Amino acid sequence: MLLENIAPNTFYNSGARFDPPKCDEDTRVEVISEIMDWIGDRDGPKRLLCVTGAAGAGKSALQQTIAERCAGLGILGCAIFFSSQDPTRNNPSRIVPTIAFQLGQHDPRLREYITKAIEKDPPIFTRTTQTQMDTLVVRPFKQLQANGDYDPDSFPHTVLIDGLDECSGEERQAELLSTIKHCLLDNDLPFRIFIASRPEWAIRSALNSETRGYLHPLAYHIQLSDKYDATDDIRRYLWRRLQDIGSRSHDPRGRSWSWPRVEDIEKLVLAASGQFVYAATVVKYVSERRSSPVDRLQTVVDWTPKKGQLARPFEALDILYTSILSAAKESYEAVDTNQERNFLLLLRAHQINSDFRVGERWDAHEFDDILNLESNAYQVLVSDLHSLVVFHQDPCDSETFIVMHFYHRSFSEFLDSEARSKNLFIPEIQVQAYVSEVVVQGINRVSLEPSGSAQIHAISVFIYSSGSTCATSGSIYDGSSVIALALYSNEGKILSGQHLLALAHNDGWRKFDQMVPEALQISAPRQVAQVLRMTSVIMRKLKVSISLSVFQYARLSADCLPLLPVQNELKEPELAHTFKPYYTEWRKLIETILIKERQEYLLQPEELEGGEGEGQEPQEESDSPAH
């Protein structure tokens, strides 16, 4: 009955795990030594070790290496290797029977006690995880300890669990952790338990010191990606493996002492970003015996994704990314309050923001404001992606500035490539259009504060799309939304007629007018010019005549301001007259700022002198090449 309920594919030496990943010689020496010392210290106060790290950081290879060493020393009690890709290795209902079976193999008396427990309660395999652990492991082992001839030093004491995050279901992962705490740790059984996992919700919350996670005071926690820099190990691994492949190659170039080249190795090390999975993927691709390793390595080094390209050097890596990203998307969008949101679109928006791709970036808190999201929405967004991406303080910024950080450089490249991410791909232009639309919607929902002042610098209430009323967000309040609109709309070029109509019919120009002065005060000179270019583009779309000097001093050329078809869609000439006074005022403000800052590269003195005089009518535009 026990055999029918175990998962033999989870064993460290299972045939289903043929050629499992493990640490190369001279790699991970420091962390392996630290773990083996912890296992050997049977009197140490903390009997639980948790190693967390990014996907592909080498946790499974580390666990396999430790399992083989412990087996060689005769101290391996049991080892379980989860896998989300194997239904027999991600089933939580089989975990406790598998642990009981492996432990029972080490002592005939313990095996007998486990047998009697099953005979007494045959449906035990349908009980809760904690009941199973108590019945099949805790009580039988306490019976063994009660024997006078029991020698605690002779019983294999190491319990290894790899890939907890790949056990099916977050709640079941949390249940297993709770069971280990209440059954194995609280009962003071003589096991040293080593768990490796990506830093996903179940183990992250259990180990969290700020929220007083129940495992935090009990566990020795190693954060693999943060504590140990694997760069040198990856470099040694690549040199050793590629030279070995070359020495067995039929291609004489591969057997040359000059292959692989140092610059190629360094390029691969940089691309790996400290994650072994990248290096292992490269080695596996290059080792294809039917091809030249020299040519295949060159394919990896030079590879850029293109449609129709046959070479897929990172196919295994892309499968990993697709699996994690798809599961995170499903979990996020399944939450009631997130059902109307596009997970991939929001993730890409934060990626583009953090990478300075539009010429500016905002702190994650402020960018959530711009996206019209609730406080700390960015943390919820990546709550199931902690093995690939995390938000943390930018070390290059003296202030507390939270930005997105990728553990894998190749994951960022995966999101950028339609050929790799396929149906998960979101184009940058879609992100720009989305942010522009959200900002326009935000401006339209702002309540104007009653005031006779021509320029109001404070707006009291901001109404979110959900319909709830909240205090004005910082982004709207300080004018960042104007800058965001200028940058993400490509200086107004992708603003649609619907956007302009929405602003015009919701008193948007007056609201916009209240934000422009503040936006100009907090902006760099280059951004000031971009705001002006955006308003100039809006003017052209509304067919408002503007002076030549405006184009001159902002360095605006006719080819970057095409007359878009949207002009013919509006068919509301009064919009031009409504907008024109605001534009005139903004232009004067911007001229004043540029003169004050003496930005010669944007505004030349002679261009100012040739501009409109006070009270002069603006010149009509000409179709000449000069204009």
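**Ground rules.** I am working with a predicted model, in which local features need pLDDT of at least 70 and side-chain atom pairs count only at pLDDT 80 or more, while totals for chains, interfaces and linings use all residues. I number residues from 1 along each chain as its sequence is written, and the side-chain values I quote use heavy atoms, with hydrogens and water left out.

**Salt bridges.** I took a salt bridge as a side-chain nitrogen of Lys or Arg within 4 Å of a carboxyl oxygen of Asp or Glu, and by this rule the count comes to 33.

I looked up Asp-233 and Arg-236, whose side chains meet in a salt bridge at 2.4 Å, N to O. The two are three residues apart in helix H9, and therefore separated by about one helical turn; helices here are DSSP runs of H or I with at least four residues, strands are runs of E with at least two, and both are numbered from the N terminus. For exposure I used relative accessible area with a 1.4 Å probe and protein chains only, where buried means under 20%, exposed over 50%, and partly exposed in between. Asp-233 counts as buried because its relative accessibility is 10%, whereas Arg-236 is partly exposed at 36%.

I then noted the salt bridge between Arg-248 and Asp-244, at 2.9 Å, N to O. Arg-248 is exposed, with a relative accessible area of 57%, and Asp-244 is partly exposed at 37%.

In the salt bridge of Arg-261 with Glu-263, the N to O distance is 3.5 Å; Arg-261 is partly exposed at 36%, and Glu-263 is partly exposed at 48%. I also recorded one network in which Arg-348, Asp-355, Arg-357, Asp-416 and Glu-428 are joined by salt bridges that share partners.

**Helix H9, Thr-231.** I found Thr-231 in helix H9, which covers residues 231-247, and its relative accessibility of 24% makes it partly exposed. Between Thr-231 and Phe-276 I noted a C-alpha to C-alpha distance of 9.0 Å, with 45 residues separating them in sequence.

**Helix H6, Gln-173.** I placed Gln-173 in helix H6, residues 170-185, and at 6% relative accessibility I list Gln-173 as buried. A polar atom of the Gln-173 side chain lies 3.1 Å from the backbone oxygen of Asp-165.

**Asp-41.** My last entry concerns Asp-41, which sits in the loop between helix H1 (29-40) and strand E1 (48-52). At 40% relative accessibility, Asp-41 counts as partly exposed.

Methods. Polar contact = N/O pair within 3.5 Å; in protein donor to acceptor, adjacent residues only side chain to side chain.
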